Amino acid sequence: MNQYNHPDKFRARHIGPSQTEIVEMIKQIGVSSLDELIDQTIPHQIRLKKDLQLSEPLTEYEFINYFKEIASKNKVYKSYIGMGYYPTILPPVIKRNILENPGWYTQYTPYQAEIAQGRLEALLNFQTMVIDLTGLEIANASLLDEGTAAAEAVQMLYGLRTAGKKNSKTIFISEEVFPHTIDIIRTRATLQGINIVIGDHRTFKLNDDVFAVLVQYPSGLGEVYDYREFFRSAEEKNIFKIVAADLLSLTLLTPPGEFGADVVVGSSQRFGVPMGFGGPHAAFFATKDEYKRLIPGRIIGVSIDVHNNPAYRMALQTREQHIRREKATSNICTAQVLLAVIAGMYSVYHGPKGLKNIAERIHRLTKLLDSSLKHLNIRQVNQNYFDTLHLVFDSADVVKTIRINALEKKINLRYISEKEIGISLSEPDDLKNVKELISVFEYAVGKKITDADFNSFAQNIKIEFPEFLSRKTEYMLHPVFNSYQSETDLLRYMKRLENKDLSLAHSMIPLGSCTMKLNATVEMEPVTWPELGNMHPFVPTDQAAGYLELTKQLEADLCEITGFKGVSLQPNSGAQGEFTGLLVIRNYHNSRGDVNRNIVLIPSSAHGTNPASAVMAGMKVVVVNCDSLGNVDITDLRNKAELNKADLAALMITYPSTHGVFEEKIIEICDIVHSYGGLVYMDGANMNAQVGLTSPAVIGADVCHLNLHKTFCIPHGGGGPGVGPIAVNEKLVKFLPGHSVIKLDQREITTAVSSAPYGSAGILVISYAYIKMMGSKGLTDATKVAILNANYIKSRLENSFKVLYSGESGRVGHELIFDMREFKHSANIEVEDIAKRLMDYGFHAPTVSFPVAGTFMVEPTESESKAELDRFCDSLLMIRDEIKEIEEGRADVNDNTLKNAPHTIQVVTKNEWNHSYSREKAAFPAPWLYTNKFWPITGRINSAYGDRHLVCSCNPVTDYVEEPVS
């Protein structure tokens, strides 16, 4: 009956090469079949013995209809819960042209700044908005969520303690900080030996053991406190001050920087980003300029290019904490770029006046509700507030009645205790909503408000705060926030920025260890459905049946794929997955009384987040050497395991290795670690070479993290969002992280690692859709073709570029490393020169100088067709010819196409042309460029200049060029 099934199979849309192309590629490689190539690549002893047991694959049409039924099980009630998550209005022009636009969401982290100027400018807008609203001097380009940002602040300031405070190990946290934020800080602080004291800032006596304090502004219960005296007292004792702030409220309230804050953190979610059952959202982190080299995450700054034109790039890149490996104070790698872009564009669209009007309207409605409830003799205890009321009742029965009536009207309130209710208003609310809320309480207390009284209250509401709380400083004065308030203007501005950036919409992005595969439109489509976007993460579980069905099925599928027994979806980045996996391992050892086990063995080839995550988990790193073939040195591993056997906690290993090879002795490696009482953590960065062919459980691992933004199709978004769930074997299931607000399957041993119980739940549907539409065979075929594409590139380029590592049979996994160091000696050409020249050919460079300096790491993924692979290979071969011209003296060693790359349209079209090669060779070195040319918008950027003249906010562009380049 198969002839009656729809012929359009999703796996054929996802996998790039056709069957005919696969046959041609196999012939080029020199094998008789794809299976023969796989047999030569993956050790037979770790191959799966049976197919993955997954549901039958759905077509795109079938999936959308299937998932509509699941999504419809979510009950989307009006949310007044607050606690850092608020309904918001995403302007359709931003939704359609950024959130739903592959030109934005398929971009990668802007390491190649010359072809990333659009999103870099958008992120600079975000930073400027945060700097202005918080009243501090510098901000980063986003963090994962508010709780993580607060924990990062604690960690940073702990490292900044002065000599006289080195013995101070206590952080005081106001009891009115959001409970989920406290939970994440507790998770991190305990591992670093930091003590936590929670109490009332009004009565707590600061002492010499306290190195920092954290307060919420407005508080978690809604009160806007005057923290000036508390902060003065802290300043006198050399204590750092952290404020977790509501960004929108700062349009009306005194910015924390003006009353002494050292760090201000929070979420930009209510700047147009849907709640999404908890995420993803862009957190912010602002601080003083003197701390800029210790800020976690990334900072966008302004520099100049080789032509002295202003240009953006990631500033102080070498201070990215994970690059410092075991000396890191943070493991942040992925941020929330796409969401920061949206929040920044929301602020551009509304401008300072629009943001203030939105905030004033919310506050006005809140005051109207307060006046009405007081008329009903309901006690509201907040004296000064922005958007949140704190109601206290004498009877728990009244609260029960209110709750029942509210649910009947499809309203969610925050039930603080059996006698307390919180109500937080937000941008979508209006007079109708306020009247509906009043009716809930009228029923409970048996009194009513007349229309005349309500109208009288409404007409007499005034927007006023005490003088010491009222903002006086202007903000967001830069033209970018005051020029695009019409949709036409904003649309064109966003399009101008988009056109400056190379994305998967233009060409393949062959970044090794990044898996830039297809993010199918059908996978993305449900993300913006209101059934998913409008869900608060702390709703009663019976209202989230659709989400819970999605998460349960996704967890089960990931268990099947990894061979493990349990999954946590909470970590919202790959590095957070690493941290969580090590946290689980640590808690497992502690539960057995092995509290001394704190040594982690990490191969020298590992990504920098591995040792950084180990340090964050309170562990010590011992580096294991690699041999000349790039494999783990077994002898060194055994010796170091023996030397540290009493304290060995774990081995962290990436498989296939970061060198792109399936190590033959992986089972032996895992057995050695187990024999000394340690556990094996497998970094899932290269899982795209495993799915359906082998698994972490088969190789002997105990826990792994998965990058859903790599292997399972969540887009990179220009540097986030990411999702990094962990999978564990049976003995570790009970150690998976829990949550302080929403209880998760008896998980109480390990506290939360993300603010929301399911992390970035709003984008889990992307990976879910991918698995459901690919099925077992589709996923396995994708893995095979990913390996095929890498080996095809190897076969085409290995005679021109040295392949640094390969397996025993001469094959590579899904990625490979080309050694470019020889060209430094033969032609004075650096790997960076080749990377920049690729831009002229329309390509993003592969990963540069990782894991080996002076190399390219190439990962084509399964989604690229043979035609695209050939175009990439042809480009590199033509560049090799250009290098040969230099080697043979036919091109100048300094004035050549590589040293001057990339070539902008401004340079190529100028009347003056003083180079020894033609304009055509500069800009159109390949025939396909005449009909499809992507122009880099800026010349090669001078990063050193930008670091010496650090500018991380929007100033007039004429201010940036102050002196000749030295």
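**Close-up 1. Helix H20, tucked inside the predicted model.** Reading along the helix, the buried residues are Thr 609, Asn 610, Pro 611, Ala 612, Ser 613, Ala 614, Val 615 and Met 616.

**Close-up 2. Strand E15 and its two partners.** Strand E15 covers residues 420-424, and four of its five residues are buried, leaving the strand mostly covered. One partner is strand E14 (residues 414-417), which pairs with E15 in the antiparallel sense over three bridges. Getting from E14 to E15 takes a hairpin of two residues. Look for Tyr 415, whose bridge partner in E15 is Ile 421. The other partner is strand E12 (residues 388-392), which runs antiparallel to E15 and is joined to E15 by five bridges. In that pairing, Leu 389 sits opposite Ile 423 of E15. As a handy rule, side chains in a regular strand alternate between the two faces of the sheet.

**Close-up 3. Phe 441 and the nonpolar core.** Which residues touch the most other members of the largest nonpolar core? They are Met 345, Ile 423 and Phe 441, in a core of 248 residues. Helix H11 (residues 337-375) supplies the largest share of this core, with 19 residues. Now zoom in on Phe 441: setting aside neighbours within four places in sequence, this residue is in contact with Leu 373, Leu 376, Ile 378, Leu 391, Phe 393, Ile 402, Leu 413, Ile 421 and Ile 423. There's also a second, separate core of 32 residues, and Ala 149, Ile 171, Ile 185 and Ile 295 are among its members. In soluble globular proteins, nonpolar side chains tend to be buried together.

**Close-up 4. Where helix H4 meets helix H18.** Two packed helices are described by the angle between their axes and the distance between the axes. For H4 (residues 60-71) and H18 (residues 545-562), the angle is about 125° and the axes are 7 Å apart. The two helices are therefore oblique to each other. On the H4 side, the contact is made by Tyr 66, Phe 67 and Ile 70, while H18 brings Gly 546, Glu 549, Leu 550 and Gln 553. Sorted by class, the contact has four nonpolar, two polar and one charged residues.

Key:
Residues are numbered from 1 along each chain as its sequence is written. This is a predicted model: local features need pLDDT of at least 70, side-chain atom pairs count only at pLDDT 80 or more; totals for chains, interfaces and linings use all residues. Side-chain values use heavy atoms; hydrogens and water are left out. Buried means under 20% relative accessible area, exposed over 50%, partly exposed in between (1.4 Å probe, protein chains only). Two strands pair if DSSP finds at least two bridges between them. A nonpolar core is a set of buried Ala, Val, Leu, Ile, Met, Phe, Trp, Tyr and Cys residues joined through side-chain atoms within 4.5 Å. Contact means heavy atoms within 4.5 Å. Axes are lines fitted to C-alpha atoms, for helices over the stretch in contact, and angles run from 0 to 180 degrees between N-to-C directions. Angles under 35 degrees count as roughly parallel, over 145 as roughly antiparallel, 65 to 115 as roughly perpendicular and the rest as oblique. Ala, Val, Leu, Ile, Met, Phe, Trp, Tyr, Cys and Pro count as nonpolar, Asp, Glu, Lys and Arg as charged, and the others, Gly among them, as polar.
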